[in-house]
Amino acid sequence: MSKSSKKNGKPDKEKTKESGGRMIALEGTRGKDLYEAAQRLERLGGDGDDAAGFSRWDASNTFYELSMGKARKLMATPRTLVLLYVSDLLFRLRWEIKPALAEGRTVIVAPYVETAIGFGLAAGLPKDWLRELFSFVPKPAAVYRLKEKAKSGNKREKAADGFIEFCADSLAATSPDWSPAALRADILEYFDELEEKDEIRRLGKKSPKGLGKGKGT
């Protein structure tokens, strides 16, 4: 994690709460945009021991290793891809997110849970199963989505850019019936549903409350 902690302890919920640490989830379908947005929010978090940091997808290098050598021929199913995401998220929680929260820092997690759930739903996985699978994660203080629009066409993007790109590339390799554009459109529709229920907000130009000097979006 950027500006990461050197402590590897596993804080309990009370310790995290008392320390004043704050988690901000940043969801989206394009890894490069998520990375740039997380960097921007991190800079707004200032400097010093309690400066903001961010936890990025594939901190464990799980997906990177899968993209190398013979692993590139892996015929992964949607369920397998979501389980791999959970494995990577567990790594991020243990070694990046929880230690930083225990120090009282703000952590931007890009992406967190809703992006993976949105992918699972778009790929046909049961919603109840997905919710139960991610029931172990700490609840963020706020959840934001990037401003983005679905694009037409089935152009395969770089799998290394982000989780959705990796999934779209992996599924497209197994069958021409998988459309990256349709997959992304369904995920964005899921974000729209969350926004209608006020469970997610669009990230604007101003920083979220409690981050830097900016006011909430």
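In this predicted model, helix 8, which spans residues 180-196, lies across strand 1, strand 4 (142-145) and strand 5, and the helix runs at about 135° to strand 4. The sheet to which these strands belong is open and is formed by five strands in the order 2-3-1-4-5, with parallel pairing. Its edges are strand 2 (53-56) and strand 5 (201-202), each of which pairs on one side only. Helix 2 (residues 31-44) also packs on the sheet, where it touches strand 1, strand 2 and strand 3, and its direction makes about 165° with that of strand 2.

Within the sheet, strand 1 (residues 22-27) and strand 3 (residues 106-110) are joined in the parallel sense over four bridges, and Ala25 has Val109 in strand 3 as its bridge partner.

For the protein as a whole, the secondary structure comes to eight helices and five strands, and these follow one another along the sequence in the pattern α-β-α-β-α-α-β-α-α-β-α-α-β. Of the 217 residues, 47% are buried. Among contacts between residues at least 6 apart in sequence, 78% join residues that are at least 24 apart.

| Space | Volume | Nonpolar lining residues | Polar lining residues | Charged lining residues |
|---|---|---|---|---|
| Second largest cavity | about 40 Å³ | five nonpolar | two polar | two charged |

Which residues are closest to the centre of the largest pocket? Of the 17 residues that line the pocket, they are Glu114, Lys139, Pro140, Val143 and Glu199. The elements that give two or more residues to this lining are strand 1, helix 5 (114-122) and strand 4; strand 4 is also one of the strands that helix 8 lies across.

The second largest cavity is lined by Gly31, Leu34, Tyr35, Arg56, Trp57, Ala110, Pro111, Asp161 and Gly162. Helix 2 gives the most to this lining, with three residues, and helix 2 is also the helix that touches strand 1, strand 2 and strand 3 as it packs on the sheet.

Notes
Residues are numbered from 1 along each chain as its sequence is written. This is a predicted model: local features need pLDDT of at least 70, side-chain atom pairs count only at pLDDT 80 or more; totals for chains, interfaces and linings use all residues. Side-chain values use heavy atoms; hydrogens and water are left out. Two strands pair if DSSP finds at least two bridges between them. Contact means heavy atoms within 4.5 Å. Axes are lines fitted to C-alpha atoms, for helices over the stretch in contact, and angles run from 0 to 180 degrees between N-to-C directions. On a 1 Å grid over the protein atoms alone, a cavity is a set of points where a 1.4 Å probe fits but cannot get out, and a pocket is an open set with protein on both sides within 12 Å along at least five of seven lines; lining residues have an atom within 4 Å of a point. Buried means under 20% relative accessible area, exposed over 50%, partly exposed in between (1.4 Å probe, protein chains only). Grid points are joined across faces, edges and corners, and a volume is the space filled by probe spheres set on the points. Ala, Val, Leu, Ile, Met, Phe, Trp, Tyr, Cys and Pro count as nonpolar, Asp, Glu, Lys and Arg as charged, and the others, Gly among them, as polar.
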